[in-house]
Structure formats: C-alpha cells, structure tokens
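Visitor: I am new to this structure. Please show it to me and take me through a few of its features.

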Amino acid sequence: MLFAPMAGTTGKAVPALAAVAIMAVFAVSELLISPIGLAVTTKLAPEAFRAQMMALYFFSVGLGTSMSGVLARYYDPADELAYFGITGAVAVAAGVIVFALAPRVSRRMEGVH
C-alpha cells in the first residue's frame, strides 16, 4: 500500500527516494518480525519436532516470497492502483484476521516463556 500513492504518476519510474524509503520500511519490519517468529517457533515446538518446525518456519517465508513472484505476474502499469490497492487490502484483511485470532492463540500459549 506504500506504493499506491505513486501509482499512475506521469513519470516512467517511482522516485528513487520513495523506493528507498519503502524498502527501508520493509527492512525494518523484517528485522523486527523475523527474530520474534524464530523465538516463538522454537518455544512452542515440541522438543522432538523443533528442527522440523524451524524448517516449516523457513518454508513459510520461502512460500511467501514465491507467492509474491506469482502475484507480480498480474501487475499491469495501466492498472497500478488496482494492483497495489487489492494486494494491500488483502494484506490488511489478513492482518485483521490475525489480530482477531490473537487472543485465542495467546490463551493457548499460556505458560510458554
């Protein structure tokens, strides 16, 4: 959704500073989220399955990266706003669903430190 305001601009490219700023947001979010995901994966996994759960965690990251490549096929410069708007809306909807499920997941994680 950070690219949506620049959709349909008259130039042939997104301003370089805007692209750098958006990539900086992505990098910071990855640096904040990845260690948390790794820690939670090791703490919640049963002792006998820790290695498999770590592999599944990295598989999910790879699957997400692969899906971004699949979704990139639907990009059309004529419909930039629709592309970024729809993918952003789906991401926000997924976030709302995760936020709604968070209390239930937290209750199930009770006792894990």
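Guide: Leu 71 is found in helix H2, residues 50-72; helices are DSSP runs of H or I with at least four residues, numbered from the N terminus. This is a predicted model, where local features need pLDDT of at least 70, side-chain atom pairs count only at pLDDT 80 or more, and totals for chains, interfaces and linings use all residues. Residues are numbered from 1 along each chain as its sequence is written, and side-chain values use heavy atoms, without hydrogens and water.

Visitor: Is Leu 71 buried, partly exposed or exposed?

Guide: Buried means under 20% relative accessible area, exposed over 50%, and partly exposed in between, with a 1.4 Å probe and protein chains only. Leu 71 has a relative accessible area of 38%, so Leu 71 is partly exposed.

Visitor: Which residue forms a salt bridge with Arg 50?

Guide: A salt bridge is a side-chain nitrogen of Lys or Arg within 4 Å of a carboxyl oxygen of Asp or Glu. The structure holds one. Its closest N and O atoms are 3.3 Å apart, and the partner of Arg 50 is Glu 47.

Visitor: Which element gives the most to the lining of the largest pocket?

Guide: A pocket is an open set of points on a 1 Å grid over the protein atoms alone, where a 1.4 Å probe fits, with protein on both sides within 12 Å along at least five of seven lines; lining residues have an atom within 4 Å of a point. The largest pocket is lined by 35 residues. Helix H1 (16-44), H2 and helix H3 (80-108) each give two or more. With ten residues, the element that gives the most is H1.
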